[in-house]
Amino acid sequence: MSDAIEGVLYVVATPIGNLDDLSPRAARLLGEVDLVAAEDTRHTSRLLRHLGVAPPTLSLHEHNEAARVDQIDARLVAGQSVALVSDAGTPLISDPGFVLVRELRARGRRVVPVPGACALVAALSGAGLPTDRFLFQGFLPAKGAGRRGRLEALAEREETLVFYESPHRIRDTLADLDAVLGSRQVVLARELTKTFETFLEGSAEALLARLAEDPDQARGEFVVMVAGAEPKAGGDASIIEADALLKALLAEGVGVKQAAAVTARTLGGAKKVWYARAQSLKDGD
């Protein structure tokens, strides 16, 4: 190799759509390393052909990552350099690579990040939601009960919530966001850096309607961003405020379930928490 340091694992970010987003440094290294460890070698081969380089490739994905550690470590010990890439974006960010990096660092090997495209950061930069604090959760659970449970656990968090989602689950996820988090602002970023890049915003309910009107908007990979919970007054004051609202609704004949939904939309928080409180008030506890 020319000026590359021997025995290095380079964690290389690759484009999430637009090939022009590959940095000159990343392009140079992909042509210089002795091996490219790729999530999908067929996908990465297309990028390498675009660059006019042909380093050897080795598959490294979630099913074989642990088994590849010794093999890649032996390359580094022998003085070879390896580039780790995922199908798109920055490795380890909801992509393979964590096990490899953790184990190699534990063995004293040198790991060098080569930053670049990341769907999470790209989406946040264009969404118009607060970015001073955000909580990235990767992909939500695929099953409805698990997904709703995760959202309920996050309902009180005041940071902007960020998730990745696939096109075949986006409608179910929006439905669960509506059920658990109510009318909070949601921003969907889809097909980032590609021809049909789109930012859609509104409540989860409104976005579901938008996708029903235009099914094309449900295509592509999504970054889902949700406004955080409103800060609470704190302690007894917030409980008193909620109790007053719940009592007023119950006194007007509103059912427990509906009262909990209105309180969640008004004060934030998980509907199941307000449901339990409303039921307690109704029972006279």
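Which residues does Val224 touch, not counting residues up to four places away in sequence? The close-ups below start there. This is a predicted model, in which local features need pLDDT of at least 70, side-chain atom pairs count only at pLDDT 80 or more, and totals for chains, interfaces and linings use all residues. Residues are numbered from 1 along each chain as its sequence is written, and side-chain values use heavy atoms, with hydrogens and water left out.

**View 1. Val224 and its surroundings.** Val224 touches Leu161, Val162, Phe163, Glu165, Ile170, Leu177, Val186, Val187 and Leu188, leaving out residues up to four places away in sequence. Contact here means heavy atoms within 4.5 Å. Together with Leu174 and Leu188, Val224 has the most contacts inside the largest nonpolar core, a group of 23 residues. Such a core is a set of buried Ala, Val, Leu, Ile, Met, Phe, Trp, Tyr and Cys residues joined through side-chain atoms within 4.5 Å. Two or more residues each come from helix 6 (144-154), strand 7 (160-165), helix 7 (170-181), strand 8 (186-190), helix 8 (204-213) and strand 10 (222-226). Helices (H or I, at least four residues) and strands (E, at least two) are DSSP runs, numbered from the N terminus. Helix 7 gives the largest share of this core, five residues. A second, separate core of 17 residues includes Ala127, Leu129, Tyr164 and Val223.

View 2. Helix 7 has twelve residues and reaches 16 Å from its first C-alpha to its last, close to the 16 Å expected at 1.5 Å a residue; the expected span is 1.5 Å times one less than the number of residues. Its buried residues are Ile170, Thr173, Leu174, Asp176, Leu177, Asp178, Val180 and Leu181. Buried means under 20% relative accessible area, exposed over 50%, and partly exposed in between (1.4 Å probe, protein chains only). After the helix comes Gly182, with a positive phi near 70 degrees.

**View 3. Arg147 in helix 6.** Helix 6 is where you will find Arg147, which is buried, with a relative accessible area of 3%. Beyond residues up to four places away in sequence, Arg147 touches Leu140, Pro141, Ala142, Arg169, Asp172, Thr173 and Asp176.

**View 4. Helix 10 against helix 11.** The axes of helix 10 (residues 256-267) and helix 11 (residues 271-283) come within 8 Å and cross at roughly 130 degrees. Axes are lines fitted to C-alpha atoms, for helices over the stretch in contact, and angles run from 0 to 180 degrees between N-to-C directions. That makes helix 10 oblique to helix 11. For reference, angles under 35 degrees count as roughly parallel, over 145 as roughly antiparallel, 65 to 115 as roughly perpendicular and the rest as oblique. Val256, Lys257, Ala260, Ala261, Thr263 and Ala264 of helix 10 make the contact with Lys271, Trp274, Tyr275, Ala278, Gln279 and Lys282 of helix 11.

**View 5. Asp87 in its loop.** Asp87 lies in the loop between strand 4 (82-85) and helix 4, and counts as partly exposed at 26% relative accessibility. Setting aside neighbours within four places in sequence, Asp87 is in contact with Thr14, Pro15, Glu39, Asp40 and His43. The C-alpha atoms of Asp87 and Ala38 are separated by 7.3 Å, although these residues are 49 residues apart along the chain.
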